[in-house]
Each structure stands twice: as structure tokens, then as C-alpha cells.
Amino acid sequence: MKKIIISLVALVAAANMFAAKQTIALVIPQMECGNCQAKVEKTLAYEKGVKDLEFNLTNRVVTITYDDTQTGVKELQKSLLKNLKYKSRVLHEGDALPTFVNDDQNDEEEEERHQNDY
């Protein structure tokens with residue numbers, strides 16, 4: 001019995017050694033405001049394997065640290081699309097940060113889109 005317990009502990013420890021943390025940045029054009037950011041945070045936080053989220057609202061980018069044995073980029077993107085109807089794209093190393101122009105018309109359109117959120 002003692003050998004079985006020791007074997008199980010060793011097996012769990014070995015599995016954790018192979019779990020690799022990955023970091024990916026996603027551009028989410030629809031993440032226009034703090035309310036949008038909160039929705040993205042809530043959605044991704046519920047995904048199994050997500051360890052950390054960092055937001056850059058100005059560039060509409062979320063950087064996600066996750067355990068690649070529990071989830072992947074496609075699953076995270078599908079979750080955003082399914083739950084929020086937010087499309088996203090991977091921001092690869094060396095890519096320029098996206099820029100978004102906000103003008104008065106965009107502000108009015110954003111306000112209309114979010115009226116039902118409150």
C-alpha cells in the first residue's frame with residue numbers, strides 16, 4: 001500500500017513538471033471600455049487552466065498566461081466568441097500594437113451598444 005501511495009505522488013509530481021505555462025496576447029477589437037474588459041476578464045477567468053490576465057485597454061489587448069495541458073489559444077478564442085460574440089486575433093511577437101481611433105461618432109455608437117449592459 002505504501003508503494004502505491006508513493007507511486008501516485010511521484011506520478012502527480014511528474015505530470016506537473018510537464019505542464020507548461022504559455023503566454024499569448026489576443027487583440028479584441030470589441031473590448032472598447034472598462035465594462036467590456038470586465039466581461040472578458042470574467043469569461044476568461046472561468047476557463048480551466050487560465051493563470052493570469054493582463055489588460056491593455058488602449059490597444060484592446062489581453063495577455064493570457066495559461067497551462068497548455070488544460071487549455072489552448074483556440075479554446076480561449078472560442079470562449080470569447082461563444083460567450084461574448086467577441087472575435088479576437090493573436091498578437092505575435094514583433095507585431096505592432098493595434099491602434100484604434102475614437103471619435104464622437106464611435107463614442108455614441110459604443111454608448112448605444114452598451115445601454116443594455118447596465
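Predicted model: local features only at pLDDT ≥ 70, side-chain atom pairs only at ≥ 80, totals over all residues.
**Entry 1**

I began with the strands. I found an open sheet of 4 strands in the order E2-E3-E1-E4, with antiparallel pairing. Strand E2 (50-56) and strand E4 (89-90) stand at the edges; each has a single partner strand, so one side of each is left without a neighbour in the sheet.

Next I looked up the pairings of E1, which covers residues 21-27. With E4, I read antiparallel pairing over 2 bridges. I noted the residues too: Val27 has Arg89 of E4 as its bridge partner, and Leu26 has Val90 of E4. With E3, strand E1 pairs in the antiparallel sense over 7 bridges. One bridge I wrote down there joins Ile24 to Ile64 in E3. A reminder to myself: strands of a sheet pair through backbone hydrogen bonds.

Which strands does helix H3 touch? I found that H3 (residues 73-84) packs on the sheet and touches E1, E2, E3 and E4. The direction of H3 makes about 40° with that of E1.

**Entry 1: Thr71**

I then went to the loop between E3 and H3, where Thr71 has its place. Is Thr71 buried or exposed? I got 8% relative accessibility, so Thr71 counts as buried, the cut-off being under 20%. I also listed what surrounds this residue: setting aside neighbours within four places in sequence, Thr71 is in contact with Lys48, Gly49, Tyr66 and Leu76.

**Entry 2: cysteines**

How many disulfides does the structure hold? My count is 0. Cys33 is in no disulfide, and the nearest cysteine sulfur, that of Cys36, is 3.4 Å away.

Cys33 is buried, with a relative accessible area of 12%. Cys36 also counts as buried, at 0% relative accessibility.

**Entry 3: rings**

Last, I searched for aromatic pairs, and the count came to 0. I did find a charge over a ring, though: the charged end of Arg60 sits over the ring of Phe100, 4.1 Å from the ring's centre.

Technical notes
Residues numbered from 1 in each chain as written. Heavy atoms only, no water. Phe/Tyr/Trp six-rings, centres within 6.5 Å; stacked < 30°, edge-to-face > 60°. Lys NZ or Arg CZ within 6 Å of the ring centre and 35° of its normal. Pairing = 2+ DSSP bridges. Contact = heavy atoms within 4.5 Å. Axes fitted to C-alpha atoms, helices over the stretch in contact; angles between N-to-C directions. Buried < 20%, exposed > 50% of the residue type's maximum accessible area, 1.4 Å probe, protein only. Disulfide = S-S within 2.5 Å.
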